[in-house]
Amino acid sequence: MSESNRAGFEFRGINHLALVCRNMARTVEFYRDILGMPLIKTLNLPDGKGQHFFFDAGNDTSIAFFWFPEAPEAQPGVVQASRGGGVSAHGSMNHLAIDVAPEHLELYRQRLVDAGIEVTPVVNHDDSPRTISPEVNATTFVRSIYFHDPDGIRLELAAWARPFTPEDAAAPAVDVDRREAATA
């Protein structure tokens with residue numbers, strides 16, 4: 001599924017993704033107690049400027065959260081901090097997909113439902129014109145369920161359905177400056 005890095009870096013995967021939450025205690029309750037991700041590191045930022053907590057997401061990856069007392073409220077469309085980092089809005093991203101084993105997807109969906117979490121039915125992402133189908137087919141590449149954390153961050157539990165081939169990466173990228181497709 002991965003390709004060697006031509007620039008000479010040897011990436012091993014995602015170390016952590018850092019998000020911003022409104023209430024760290026509520027975030028710990030959701031990620032640790034409902035999703036079962038162990039809390040592995042906690043930091044109080046200097047001078048009372050907030051907290052930074054890390055949750056184990058499996059396979060040496062983690063999801064981290066900042067809590068900033070002065071963070072602005074969620075603003076859909078505001079997606080990143082200023083250059084160099086710093087405070088950003090609550091829930092500032094599209095979604096976070098967490099890899100799960102295909103055989104556990106339905107079970108995990110039911111656990112979320114049992115915990116009172118609103119969750120989508122299983123979505124079969126495929127190569128059809130609509131990009132989803134009601135059933136698994138030969139072009140289904142990932143199966144997913146979607147739900148939200150307490151800050152409105154959209155989460156996905158995703159299970160790969162098949163290996164990728166070179167044809168899976170053949171679509172040209174759109175170059176908005178030229179308003180035409182450019183090859184990758």
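Biologist: Okay, where does Gly 152 sit?

Modeller: Gly 152 is in the loop between β8 and β9. Keep in mind that this is a predicted model.

Biologist: Is Gly 152 buried, partly exposed or exposed?

Modeller: Gly 152 has 45% relative accessibility, so it counts as partly exposed.

Biologist: And how far is its C-alpha from that of Cys 21?

Modeller: The two C-alpha atoms are separated by 9.4 Å, while Gly 152 and Cys 21 are 131 residues apart along the chain.

Biologist: Let's step into β8, then. Where is Ser 144?

Modeller: Ser 144 belongs to strand β8, which covers residues 142-148. Its relative accessibility is 0%, and because buried means under 20%, Ser 144 counts as buried.

Biologist: Which side chains does the Ser 144 side chain make polar contacts with?

Modeller: One is His 125, with a polar contact of 3.3 Å between the side chains. Another is Glu 156, where the side-chain polar contact comes out at 2.4 Å.

Biologist: What else is Ser 144 in contact with, leaving aside neighbours within four places in sequence?

Modeller: Besides His 125 and Glu 156, the list has Leu 105, Pro 121, Val 122, Val 123, Leu 157 and Ala 158.

Biologist: How many residues are in the largest nonpolar core, and which have the most contacts inside it?

Modeller: That core has 25 residues, and Phe 65, Phe 147 and Leu 157 have the most contacts inside it. Elements supplying at least two residues each include β1 (16-21), β5 (96-99), α2 (105-114), β8 and β9 (154-160). Also on that list are α1 (24-34), β3 (51-58) and β4 (61-67). The most comes from α1, which gives 4 residues.

Biologist: Switching topic: what order do the strands take in the open sheet of 4 strands?

Modeller: The order is β1-β4-β3-β2, and the pairing is mixed. From one strand to the next, the twist averages 20 degrees.

Biologist: How many bridges join β3 to β4, and which way do they run?

Modeller: There are 7 bridges, and β3 and β4 run antiparallel. Asp 56, for instance, stands opposite Ser 62 in β4.

Biologist: Is Ser 62 buried or exposed?

Modeller: Buried: the relative accessible area of Ser 62 is 9%. Leaving aside neighbours within four places in sequence, Ser 62 is in contact with several residues, among them His 16, Ile 40 and Phe 54.

Biologist: Which strands does α1 lie across?

Modeller: α1 lies across β1, β2, β3 and β4, and runs at about 5 degrees to β3.

Biologist: Last bit, zooming out. How many helices and strands are there, and how much is buried?

Modeller: The chain has 2 helices and 11 strands. Of its 184 residues, 29% are buried. The chain exposes about 12400 Å², with carbon and sulfur atoms supplying 52% of that.

Definitions and conventions
Residues numbered from 1 in each chain as written. Predicted model: local features only at pLDDT ≥ 70, side-chain atom pairs only at ≥ 80, totals over all residues. Heavy atoms only, no water. Buried < 20%, exposed > 50% of the residue type's maximum accessible area, 1.4 Å probe, protein only. Polar contact = N/O pair within 3.5 Å; in protein donor to acceptor, adjacent residues only side chain to side chain. Contact = heavy atoms within 4.5 Å. Areas by Shrake-Rupley, 256 points an atom, 1.4 Å probe, with all protein chains shown as cover. Core = buried A, V, L, I, M, F, W, Y, C linked by side-chain atoms within 4.5 Å. Pairing = 2+ DSSP bridges. Axes fitted to C-alpha atoms, helices over the stretch in contact; angles between N-to-C directions.
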